[in-house]
Amino acid sequence: MPINAFPQWTPALLQEQIDAHKHRPGALLPILHAIQDRFGHIPREAVPLIAESLQLTRAEVHGVISFYHHFRTSPPGRHVVQICRAEACQARGSRALEMHARETLGIDYHQTSADREITLEPVYCLGNCACGPSLRVDDRILARVTPERFDRLVDELTTQVLKVS
Ligand code: FES
């Protein structure tokens, strides 16, 4: 499933996520995860709602969002490609793969290609260490990803299937 199949957020839906977690100890992180899981990113309009519900300042909420690279503040592209940067994958060539991916897509980590098809993100271990370099695309994990295989993946993700009747 492309990861962009997220519903549109509304203030009421954001508040629903906040209310579901605000009584937990250390509620801020569970709230941020819940909002991103539901809507694909954390809209800036969520910040004042969270701040008010947890009696924090907006700056404190912003600070946590920007500290964790996991959190997105804008909607992702149609697909999210995450390249593993952890040690075992590095030993198996992930540095070359990430350089190739950035050049091919013309973007850096945390950016989305101009056609809004692919968002590129780093990840630190996908539990697939013996078969690196590893990569996750949406909900699929791929092993032993070479630059050539990456190119085929991009073709696959960006090719629209046309139905001829
Ligand atoms: S180090 Fe890359 S999957 Fe574990």
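These are my notebook entries on a predicted model of one protein.

**Entry 1. Overall layout**

I began with the inventory of elements and found seven helices and five strands in the protein. Reading from the N terminus, I noted the order α-α-α-α-β-α-α-β-β-β-β-α. I then took the extent along the principal axes, where the C-alpha atoms fill a box of roughly 50 × 50 × 25 Å. Of the 165 residues, 26% count as buried. I also looked up how far apart in sequence the contacting residues are. Among contacts with a separation of 6 or more, 63% join residues 24 or more positions apart.

**Entry 2. Domains**

I consulted the domain assignment, which gives domain 1 as 11–67 and domain 2 as 79–158. I recorded 29 Å between the C-alpha centres of domain 1 and domain 2.

Which elements supply the largest nonpolar core? I first listed its members: the core has 14 residues, and Val81, Ile83, Leu97, Ala101, Leu120 and Leu135 have the most contacts inside it. At least two residues each come from β1 (79–84), α6 (94–105), β3 (118–123) and β4 (135–137). The greatest contribution is that of β1, with four residues. I noted a general point beside this: nonpolar side chains in soluble globular proteins tend to be buried together.

I then followed Leu135 beyond its neighbours within four places in sequence. Its contacts there are Val81, Gln82, Ile83, Cys84, Leu142 and Val145.

**Entry 3. Helix α6**

I turned next to α6, which has twelve residues. From its first C-alpha to its last I read 16 Å, close to the 16 Å expected at 1.5 Å a residue. Its buried residues are Ser94, Leu97, Glu98, Ala101 and Leu105.

On the face of α6 turned away from the buried side I found the exposed residues Met99 and Glu103. The buried residues of α6 pack against β1, α5 (87–91), β3 and α7 (147–158). After α6 comes Gly106, and I noted its positive phi, near 70°.

**Entry 4. Helix α1**

Leu14, Gln17, Ile18 and His21 are its buried residues. Viewed down the axis of α1, they fall within an arc of 100°, so these residues line one face of the helix. Ala12 and Asp19 are exposed on the other side of α1. The buried residues of α1 are covered by elements including α2 (28–39) and α3 (46–54).

**Entry 5. The annotated cysteines**

I consulted the UniProt record, an unreviewed entry, which places the feature "binding site" at Cys84, Cys89, Cys125 and Cys129. These positions are spread over 46 residues of sequence, yet they cluster in space, with a largest C-alpha distance of 9.3 Å.

Is Cys84 buried or exposed? I located Cys84 in strand β1. Cys84 counts as buried because it has 27 C-beta neighbours inside 10 Å, and the cut-off for buried is 20 or more. Leaving out residues up to four places away in sequence, Cys84 touches Cys89, Ser94, Val123, Cys125, Leu126, Gly132, Pro133, Ser134 and Leu135.

Cys129 lies in the loop between β3 and β4. I counted Cys129 as partly exposed because it has 16 C-beta neighbours inside 10 Å. With residues up to four places away in sequence left out, Cys129 touches Ala88 and Cys89.

Methods. Residues numbered from 1 in each chain as written. Predicted model: local features only at pLDDT ≥ 70, side-chain atom pairs only at ≥ 80, totals over all residues. Core = buried A, V, L, I, M, F, W, Y, C linked by C-beta atoms within 7 Å. Buried ≥ 20, exposed ≤ 12 C-beta atoms within 10 Å, placed from the backbone. Contact = placed C-beta atoms within 7 Å. Domains from an automatic or database assignment. UniProt positions renumbered as here; feature names shortened; annotations may be inferred. Expected span 1.5 Å × (residues − 1). Arc of directions from axis to C-beta.
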